[in-house]
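Student: I would like to learn how to read a few features of a structure. Please show it first.

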Amino acid sequence: QLQLVESGGGLVQPGGSLRLSCAASGFTLGNYVIGWFRQAPGKEREGVSCIKRVGGHEDYADSVKGRFTISRDNTKNTVYLEMNSLIPEDTADYYCAATRILSLGDCRKVAYFIAAYWGQGTQVTVSS
């Protein structure tokens with residue numbers, strides 16, 4: 001059973017913080033490129049952040065740079081997205097994805113993860 005499960009979403013006030021988790025089972029995340037994506041109502045799914053290997057370079061959407069941080073914990077086979085200084089525009093369903101292929105493409109793009117495992121998503125709502 002190959003699976004990704006997101007957790008940690010919820011309701012938070014503007015300026016608050018959340019940490020999302022993406023736990024893998026059936027495969028080792030350390031061997032995969034990992035991406036976080038989000039989809040708001042009526043909008044296309046967009047890339048938030050990604051990392052191509054443990055300790056490797058991290059990429060972020062311009063809208064979240066300086067506020068979000070992606071990281072891995074190999075001992076827990078889990079990837080995290082730390083979200084700080086949240087704003088209402090961050091409200092969306094958040095998904096993680098993992099692909100074994102490593103290329104020069106932009107891993108913030110959904111197309112990078114066509115051949116990938118996807119989680120079911122976790123909802124984040126930022127509202128006062």
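Student: Where is Arg 67 found?

Tutor: Some conventions come before the case. This is a predicted model, in which local features need pLDDT of at least 70 and side-chain atom pairs count only at pLDDT 80 or more, while totals for chains, interfaces and linings use all residues. Residues are numbered from 1 along each chain as its sequence is written, and side-chain values use heavy atoms, with hydrogens and water left out. Helices (H or I, at least four residues) and strands (E, at least two) are DSSP runs, numbered from the N terminus. Arg 67 lies in the loop between strand S6 (58-60) and strand S7 (68-73).

Student: Is Arg 67 buried or exposed?

Tutor: Buried means under 20% relative accessible area, exposed over 50%, and partly exposed in between (1.4 Å probe, protein chains only). Arg 67 has 13% relative accessibility, so it counts as buried.

Student: Which polar partners does the side chain of Arg 67 reach?

Tutor: A polar contact is a pair of N or O atoms within 3.5 Å; within protein, one must be able to donate a hydrogen and the other to accept it, and residues adjacent in sequence count only if both atoms are side-chain atoms. The Arg 67 side chain reaches the backbone oxygen of Ser 63 at 2.9 Å. Its other listed polar contact, of 2.8 Å, is with the side chain of Asp 90.

Student: Which residues is Arg 67 in contact with, leaving aside neighbours within four places in sequence?

Tutor: Contact means heavy atoms within 4.5 Å. With those neighbours set aside, Arg 67 is in contact with Glu 82, Met 83, Asn 84, Ser 85, Leu 86, Ile 87 and Asp 90.

Student: Why is strand S9 described as largely enclosed?

Tutor: Strand S9 covers residues 92-99, and seven of its eight residues are buried, so the rest of the structure largely encloses it.

Student: Which strands are joined to S9 by bridges?

Tutor: Strands of a sheet pair through backbone hydrogen bonds, either parallel or antiparallel. Two strands pair if DSSP finds at least two bridges between them. Strand S4 (residues 33-39) runs antiparallel to S9 and is joined to it by seven bridges, with Trp 36 opposite Cys 96. Three bridges join S9 to strand S11 (residues 122-126), also antiparallel; here Tyr 94 stands opposite Thr 122. Strand S10 (residues 117-118) is joined to S9 by two bridges, again antiparallel, and Ala 98 stands opposite Tyr 117.
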